Amino acid sequence: MKNPLARVAAIHDLSGFGRCSLTVVIPILSTMGIEVCPVPTAILSAHTAIEGYTLLDLTEELPSFIDHWRKLGLRFDAIYSGFLGSVRQADIVADFIDSFKTEDTLVVLDPVMADYGKLYPSMPQEMVGEMKKLATRAQVITPNITEAAFLLDRSVPEFLEEEEVKDWLRALSDLGPSMPVITSLPLKSRLDLSTVAAYNREDGRFWVTGRPYVPTQYHGTGDIFSSVLTGSLLQGDSLPSAMDRASQFVAAAIRGTFGYSGLPHHEILLERTLKNLNVANHSDNYDLLP
Ligand code: PXL
């Protein structure tokens, strides 16, 4: 039977403090009218940018957890994976995709491992190869520019010309995904914007959108972006519309936070902006990448 509401298996960590991964995936997709079934990869006291965090790796628990879902015969409209608690979990996620993916399942991989030129503190170098393997199974992949560089064995660029962006997107698509999306893109002609670009291999078109750059760094914005993108695609939006909605929402969430002073942990005040996801008339603001 078809699920009455779209249902997503969300394979991410649960960080108790610091709004990222499941604590943003669940509210965003729920607000968009989508059921979220979390597969928690690890439990942390706070995300790994907050000093002193604790991490309980749930690798051992996952096979029986997932086996129960197999026995229940659950069906998913999307499988959306993000931060993994160990390198071994990549094989578990691959196995999950192989057993639950049907012709109609959207597979989204956010290859969470790095930002600002560096791997996250808990990420071993081997995770890069594992994410590459997982990319072969995904339709949509949403690396930031640092993660894209790791996936492609390239160095993180200071800026990129339009033609180079197309080359990066084509190279990501060669790893498997028909719809690669790169965030935090340093596009030379738009360095004043926080830019996102995407490629749809099916029709050969490249897309770009951006929002005025805000001079600060927040954690969890990649998770927010990928969650809105996933929800939007499940609601039937085109790739550029979904990319644009996600970019617009992240920008609104950042501006809803930036005005406050004295927030020590660079956290997005997500709840202030969540209701925007239900605003009826989203006006699309994307371009073809020339
Ligand atoms: O936002 C990505 C992310 C997810 N989960 C954990 C993290 C991070 C980034 O730092 O530490 C635990």
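Which side chain of opposite charge is nearest to Glu-162, and how many Å away is it? The answer comes under the heading on Glu-162.

## About the model

This is a predicted model, in which local features need pLDDT of at least 70 and side-chain atom pairs count only at pLDDT 80 or more, while totals for chains, interfaces and linings use all residues. Residues are numbered from 1 along each chain as its sequence is written, and side-chain values use heavy atoms, with hydrogens and water left out.

## Glu-162

Glu-162 sits in helix 6. Helices (H or I, at least four residues) and strands (E, at least two) are DSSP runs, numbered from the N terminus. Glu-162 is buried but has no salt bridge. Its nearest side chain of opposite charge is Arg-190, 5.3 Å away. Buried means under 20% relative accessible area, exposed means over 50%, and partly exposed lies in between (1.4 Å probe, protein chains only). A salt bridge is a side-chain nitrogen of Lys or Arg within 4 Å of a carboxyl oxygen of Asp or Glu. For charge, Lys and Arg count as positive and Asp and Glu as negative; His and the chain ends are not counted.

Glu-162 does have a polar partner. Its side chain and that of Ser-189 are joined by a polar contact of 2.8 Å. A polar contact is a pair of N or O atoms within 3.5 Å; within protein, one must be able to donate a hydrogen and the other to accept it, and residues adjacent in sequence count only if both atoms are side-chain atoms.

## The ligand and its shell

Which residues surround the ligand? They are Asp-13, Ser-15, Cys-20, Ser-21, Leu-44, His-47, Thr-48, Phe-83, Val-112, Tyr-120, Gly-220 and Asp-223. A residue is near a molecule if one of its heavy atoms lies within 4 Å of it. The shell divides into five nonpolar, five polar and two charged residues. Here Ala, Val, Leu, Ile, Met, Phe, Trp, Tyr, Cys and Pro count as nonpolar, Asp, Glu, Lys and Arg as charged, and the others, Gly among them, as polar.

Asp-13 places a polar side-chain atom 2.8 Å from a ligand nitrogen atom. Thr-48 has one 2.6 Å from a ligand oxygen atom. For Asp-223, the distance to a ligand oxygen atom is 2.8 Å. Alone, the ligand exposes 310 Å², and the protein buries 96% of that. Accessible areas come from the Shrake-Rupley method with a 1.4 Å probe.

## Salt bridges

The whole structure holds 17 salt bridges. One of them joins the side chains of Glu-271 and Arg-19, at 3.0 Å from N to O. Glu-271 lies in the loop between helix 8 (239-258) and strand 12 (287-288), and Arg-19 in the loop between strand 1 (7-17) and helix 1 (22-31), so the pair ties together parts 252 residues apart in sequence. Glu-271 is partly exposed, at 47% relative accessible area.

Asp-67 and Arg-70 form another salt bridge, with their closest N and O atoms 3.1 Å apart. Both lie in helix 2 (residues 62-72), three residues apart, or about one helical turn. Asp-67 is partly exposed at 30%, and Arg-70 is partly exposed at 34%.

## Ile-11

Ile-11 belongs to strand 1. Is this residue buried or exposed? Ile-11 is buried, with a relative accessible area of 2%. Its C-alpha atom is 8.4 Å from that of Leu-22, eleven residues away along the chain.
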